[in-house]
Amino acid sequence: MPVSHEVVDSPTEWVADHIHKYVESDGHEGHLWNGVATLLLTTTGRKSGTLHRTALIYGRDADRYLIMASKGGAPKHPLWYLNLVANPEVELQVGDEKFAAHASVAAGAERDRLWKIMAAIWTYDEYQAKTEREIPLVILERV
């Protein structure tokens, strides 16, 4: 991660509001959103080097965190995913815990198995049906 600690939050107003509650309460507010657990993901901009933070629904596979680059089934990947692919070293906040993590994209049989976990948490099957791209499933492992 760059030396700069300035972080740019999501430009989407409701996501930025969620992030602010999460950060200001040290994860006590915002960790649960609409009945599901969320984390804060900070990536490094692939072009700018700027730190970008967003809030995402997550699942668990043992000690690994799982997130989906669904963008609601939009035709293009979310920018945070493109940043993560370019630089897989990220920062997470899960509740009140903050730590470094390494991101990788699930593939093959592992992706199929993990997809079931995530589809049980949120409507990712519906999102996949809305787009021609394969929605990436990202594994985050504590460093």
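Student: Why is the pairing of Arg113 with Asp61 called a salt bridge?

Tutor: Their closest N and O atoms are 3.0 Å apart. A salt bridge needs a side-chain nitrogen of Lys or Arg within 4 Å of a carboxyl oxygen of Asp or Glu, so this pair qualifies. In general, side chains of opposite charge can pair when their charged atoms come close.

Student: What should I know about the model first?

Tutor: It's predicted, so local features need pLDDT of at least 70 and side-chain atom pairs count only at pLDDT 80 or more, while totals for chains, interfaces and linings use all residues. Residues are numbered from 1 along each chain as its sequence is written, and side-chain values use heavy atoms, leaving out hydrogens and water.

Student: Back to Arg113 and Asp61: where do they sit in the chain?

Tutor: Arg113 is in helix α3 (residues 108–119) and Asp61 is in strand β5 (residues 59–61), so the pair links distant parts of the chain, 52 residues apart.

Student: How do you know whether Asp61 is buried or exposed?

Tutor: Look at relative accessible area with a 1.4 Å probe, protein chains only: buried is under 20%, exposed is over 50%, and partly exposed is in between. Asp61 has 14%, so it's buried. Arg113 has 41%, so it's partly exposed.

Student: Which residues join Asp61 in one network?

Tutor: Salt bridges with shared partners tie Asp61, Arg64, Glu110 and Arg113 together. One of those bridges is Arg64 with Asp61, at 2.6 Å from N to O, and Arg64 is buried too.

Student: How many salt bridges are there in the whole structure?

Tutor: A search finds 7. Among them is Asp26 with Lys98, at 3.4 Å from N to O. Asp26 counts as partly exposed at 31%, whereas Lys98 counts as exposed at 56%.

Student: What makes a group of residues a nonpolar core?

Tutor: The members are buried Ala, Val, Leu, Ile, Met, Phe, Trp, Tyr and Cys residues, joined through side-chain atoms within 4.5 Å. The largest one here has 19 residues, and Leu84 is among those with the most contacts inside it. A second, separate core of 13 residues includes Val36 and Tyr124.

Student: Which residues is Leu84 in contact with?

Tutor: Contact means heavy atoms within 4.5 Å. Setting aside neighbours within four places in sequence, Leu84's partners are Leu41, Thr43, Val90, Ala103, Val138 and Leu140.

Methods. Helices (H or I, at least four residues) and strands (E, at least two) are DSSP runs, numbered from the N terminus.
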